[in-house]
Amino acid sequence: MKFLAARRRSPIVASALLVGALVTVGGAYAALGAVEPAQAALAVGAETQVEKGQQLYLEGCSSCHGLKGEGTQTGPTLVGVGAAAVDFQVSTGRMPLAAPGAQAPAKTENPYSEEDIAAMAAFVAALGPGPAIPTAEQLDYASADEAYGGELFRINCAQCHQAAGQGGALTQGKYAPSLMGSSPKTITEAMLTGPQNMPVFSDAQLPVEDKQAITSYIVGLQEASSPGGLNLGRFGPVTEGVFLVTAIFAALIAAAVWIGIKSR
Amino acid sequence: MTTTSPVEKVGGATATYVDQRVGSNKFLSRNLGKVFPDHWSFMLGEIALYSFIVVLLTGVFLTLWFKPSMAEVVYDGSYVPLKGVLMSEAYDSALNISFDVRGGLLLRQMHHWSALIFIAAMAVHMFRVFFTGAFRKPREFNWLIGVGLTTFGLLAGFSGYSLPDDLLSGTGLQIARGIVQAVPVVGTWAAFLLFDGEFPGTEFISRLYGVHILLIPGLILALVTIHLMLVWTQKHTQFPGPGRTNDNVVGYPLLPVYMAKAGGFFFIVFGIIALVGGLVTVNPIWIFGPYMPDQVSAGSQPDWYIGFLDGALRTMPNWESVIPGVGWTISWNILIPALVIPGIIFTLLGLYPFIEAWVTGDKREHNLLDRPRNAPTRTALGMMAISFYVLLWVGGANDIIAVAFDLSINSIIWFLRITLIVVPPLVFVVTRRTCLGLQRRDREKLLHGYESGRILRLPHGEFIEVHQPLSEKDIAVITAKHDYAPLPAPDKADVDGVRNKRYRAQMLRHQLSEFFYGVNVPKPSAAEIEAGQHHAAHDAAIEAPLHEYEDADQIHTFHGGVLHHPGMAETNAEQLQQEQRS
């Protein structure tokens, strides 16, 4: 003990103790922390997923939708919108809203992981009954009738989303977005929950098989080749007119000028 | 006559054989040498003619397969997304042409593209004729025929757009029916007459088919023939230039030059249409689906030439009034944009040559074209009309623009409501000022020659820009301008105090004439031009020694950047001496 007692006032001691303590604490945290998530997944049931969802909700959503999802002047109530609405809005990047505007635009970057979204969906679903996230079985359109889906699409969807699913304008800067990048899941969730200006097409109005048929038709539109050549964005006569003026007439008049040049 | 090639022999023999039976030699010898003037803008009408020929050829092919019937069938062709769908026979056969007839889609697309080109070419041709004043005496009737051709072109296009009975064509017909219904008093009955009862009925496609493939093309062909015969007998107008007068035509003969040029241009137009028809989709009817009266697609648009009407409809405020007592509704929101505005546009278009002739009081024949700048009011009126048309056109695409540029459709509508009133007068003023500015520049060129961009310092230190005399061609082009004086104001009564009964009409004519010709940059007199060109020649003469320096082997009299004449002082000392001496 003499050895230690003699050197305990040495200037190195304080630094050495500090480094030692940091290594011990940091090492222990790293070792224990790595284990924690696995344990959490095992131990935590639906209750804590809802709690986690609530935490995320309070951080990201409550400023507009209210602390209990009751809604405020800037955001509607989320009681009864169901898990499908949360999954649609958050997974497509529409929520959280980046800035107030005519309508929430879809974003490619999404700050939330699938797990986070599931937690928030569970929390909102717990606020009141609403449409659940569609199951894989519901989404399976493999055996659906595409042509019938086309008829349903033209009756129910084309007046806003355009016959080719390219999207269309609504009033005051609102719009029906293009469906060209939508997955079967987002298509079905949109029909179930009626996001933004879209009406709800519940399973009572459009049974699951009809939704599958519509999904099948939209996927067909997304994958369709263009038998007539360049498709000009499938916007109809407007882009055809633009092409006529800018490309075809430029070529024709260039030819006329070429022929009209005086031979010298 | 000593050497004759075998080709000439056979050709001559054939010509004699035909001539003895038809009497064609006299006609051919008189006409094959006919001279046409050369300018690229004279070929715009040819684009219309050639694309019309392609429309006819491809259209004949389509009639072999198209079934103009509204009978309902179940689709069983090769386009899977419509398999088993109930549709009209017309749509079914149009799908078959697209997917199951060999080369059908190519010809359908060529037919559609060439129809779009046909109408656009007529419009551009009409611009050329308007802005160069080619519609003036003796060509007023041909202008009227042109307006008729354009109108029939629109009808031909719209009837063709409506035939396939897809969702887009049905939507267009629904709007057309609404427009017919908006006609006061007879509207409803006229709509019943057209559609044989309620919309869409079962008769309309077959009725429209006859109109589309027989009536309108027949009328267009007849009018085209008269149009070309008039061009032939009246001879083509030409731009001013050296040796070109109102009484001659300077150019190349029909055979061989124009046969080759026009023939080659036909193949170019045909080739471009075939290329586009093969490579670029037009009207993909399979995407739109069959027409059902309870369905509509967002972004439903007419083809480009009806776009201005659609735009007018979309931009018009929703006014309507009910006549008290009888309870009849007058839909101003449809009546004004769809009937009154196009009515005014086409009436003014047809009457314009007569209005201008009346205002001008000019009874001469005009075979020499105006340069647009030399008729500033006409050019400005034309640009004003085009700006109005283009704004309406933008209105027709308002929803596509809203989506594409992330704008509010309401803002676009209000933007157009305001600009439709504000912009055309602005365009009028700007165009007229621009024309007058160009006239002023022309006058300047006549009076001083053109600016060569070379600055010359004269011996006494003055800087001048060297002006060069105009070429003979430029002088001929610029001096071809005719200065119109506004007609004098009429008197209310003559010297004997007899009231002038035609005072009002004459006053209107005077005011219009003042409006047309009140602002003008007068052409300089011949003497002024002579003096101006002489001045330019003088400048050039001053500069001439400089060229000698450029060409000389040694530069020894060029001092301090100043050109020296022999005997001139070269140094300050010499200069002082010279001044003291004088």
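Mentor: From the N terminus on, chain A runs α-α-α-α-α-α-α-α-α-β-β-α-α-α. The model is predicted, so local features need pLDDT of at least 70 and side-chain atom pairs pLDDT 80 or more, while totals for chains, interfaces and linings use all residues. Residues are numbered from 1 along each chain as its sequence is written, and chains are lettered from A and ligands numbered from 1 in the order in which they are written.

Trainee: What makes a run count as one of the helices or strands in chain A?

Mentor: Both are DSSP runs numbered from the N terminus: a helix is H or I with at least four residues, a strand E with at least two. By that rule chain A has 12 helices and 2 strands, and chain B has 20 helices and 10 strands.

Trainee: Why is chain A called more spread out than a compact globule?

Mentor: The radius of gyration is taken over C-alpha atoms, and the globule rule is 2.2 Å times the number of residues to the power 0.38. For 264 residues the rule gives 18 Å; chain A has 29 Å, well over that, so chain A is more spread out than a compact globule.

Trainee: What makes a set of residues a nonpolar core?

Mentor: The members are buried Ala, Val, Leu, Ile, Met, Phe, Trp, Tyr and Cys residues, joined through C-beta atoms within 7 Å. The largest such core has 149 residues, and M120(A), A121(A), V124(A), I47(B), I117(B) and F118(B) touch the most other members. Helix α5 (residues 104-131) of chain B gives the largest share of this core, 15 residues.

Trainee: Which residues is I47(B) in contact with, leaving aside neighbours within four places in sequence?

Mentor: Contact requires C-beta atoms, placed from the backbone, within 7 Å. I47(B) meets that with L252(A), A256(A), I117(B), A121(B) and V269(B).

Trainee: How many residues does the contact between the chains take from each?

Mentor: It takes 55 residues from chain B and 50 from chain A. On the side of chain B that touches chain A, α10(B) supplies the largest share, 9 residues.

Key: A residue is buried if 20 or more other C-beta atoms lie within 10 Å of its own, exposed if 12 or fewer, and partly exposed in between; C-beta atoms are placed from the backbone. Two residues are in contact if their C-beta atoms, placed from the backbone, lie within 7 Å.
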